[in-house]
Amino acid sequence: MNHPSLKKCVACGLSKPTSHMMPGDLVRAPIAALITADHPQWSTDQYICLDDLNRYRATQIEKSLTAERGELSALEQEVVDSLREHELLTENVDEEFAGQRTLGDRLSDQLAAFGGSWTFLIVFAAGMATWIGVNAVVLRNEAFDAYPFILLNLVLSFIAAIQAPVIMMSQNRQEARDRMRAEHDYRINLKAELEIRHLHVKLDELMSHQWERMMEIQQMEVELMTEICSKNKR
């Protein structure tokens, strides 16, 4: 015997509390058509649980997206699956990207960050000034790198040759991180757009449903008034 507060889902056949169910008269027509295709006994006086309703909603959204855009991309399919499973897409992209970095990636990022700082410029300028001062003034007669400082030019060329690839590797990872953020933002925006579209349709249906109820109540009032007037005339 079913508990009065429990309703049976037409899709899964389980009895659940009414707070977890949706009455058939509030289900949108496109989704109701999908339910009817799987369960011919479906009618507006029956109920469907929210889990199954989300599954049919995702199927209907997938069909509408396919009709609008053709074949769905991997990102769009991921959004549809999240709607079907009622999952959240929000995540920390920086933490996910940081967890994928290798030791070489972290080292190159640190070197690139240091190479683009005022600390590096100050240390580099001080080192060059010291090198030139020692060879040109202190060790003028016994300089290990006399003017025109050929060894210094070699060191500078070596630093430039090493620094450029390190900076490029760091920039490539920054671009990869930006792409990951852009894809994540696209998934969030697409899901929000689909949810808002669903809410607009739902509000329109609720307003239409309430308007029909008001018209029915008004019709009943008119019939009652007509009946009362006819009795008074007698």
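A: Rings to begin with. Rings of Phe, Tyr and Trp (its six-membered ring) pair if their centres lie within 6.5 Å; planes under 30 degrees apart count as stacked, over 60 as edge-to-face and the rest as tilted. The model is predicted, so local features need pLDDT of at least 70, side-chain atom pairs count only at pLDDT 80 or more, and totals for chains, interfaces and linings use all residues. Residues are numbered from 1 along each chain as its sequence is written, and side-chain values use heavy atoms, with hydrogens and water left out.

Q: How many aromatic pairs does that rule give?
A: Four. One of them is Phe-120 with Phe-124: the centres are 5.6 Å apart and the planes are at 20 degrees, so the pair is stacked.

Q: Where do Phe-120 and Phe-124 sit?
A: In helix α6, residues 118-138. They are four residues apart, so about one helical turn separates them. Helices here are DSSP runs (H or I, at least four residues), strands likewise (E, at least two), and both are numbered from the N terminus.

Q: Is Phe-120 buried or exposed?
A: Buried, at 18% relative accessible area. The cut-offs: buried is under 20%, exposed over 50%, partly exposed in between (1.4 Å probe, protein chains only). Phe-124 has 28%, so it counts as partly exposed.

Q: What about Tyr-147 and Phe-149?
A: They form an edge-to-face pair, 5.8 Å centre to centre with 85 degrees between the planes. Tyr-147 is exposed at 71%, while Phe-149 is buried at 12%.

Q: Which residues do ring pairs link into a cluster?
A: Phe-114, Phe-120 and Phe-124.

Q: Which helix gives the largest share of the lining?
A: α7, with five residues. Both α5 (103-115) and α7 (150-233) supply at least two.

Q: How does the lining divide by type?
A: Seven nonpolar, two polar and no charged. Nonpolar means Ala, Val, Leu, Ile, Met, Phe, Trp, Tyr, Cys and Pro; charged means Asp, Glu, Lys and Arg; the others, Gly among them, are polar.

Q: Is Cys-49 buried or exposed?
A: Buried, at 1%. Cys-12 is partly exposed, at 33%.

Q: And the largest nonpolar core: which residues touch the most other members?
A: Val-27, Ile-35, Trp-42, Ile-48 and Tyr-56, out of 15 residues. β3 (21-23), α1 (29-38), β4 (47-49) and α2 (50-69) each supply at least two. α1 gives the most, four. Such a core is a set of buried Ala, Val, Leu, Ile, Met, Phe, Trp, Tyr and Cys residues joined through side-chain atoms within 4.5 Å.
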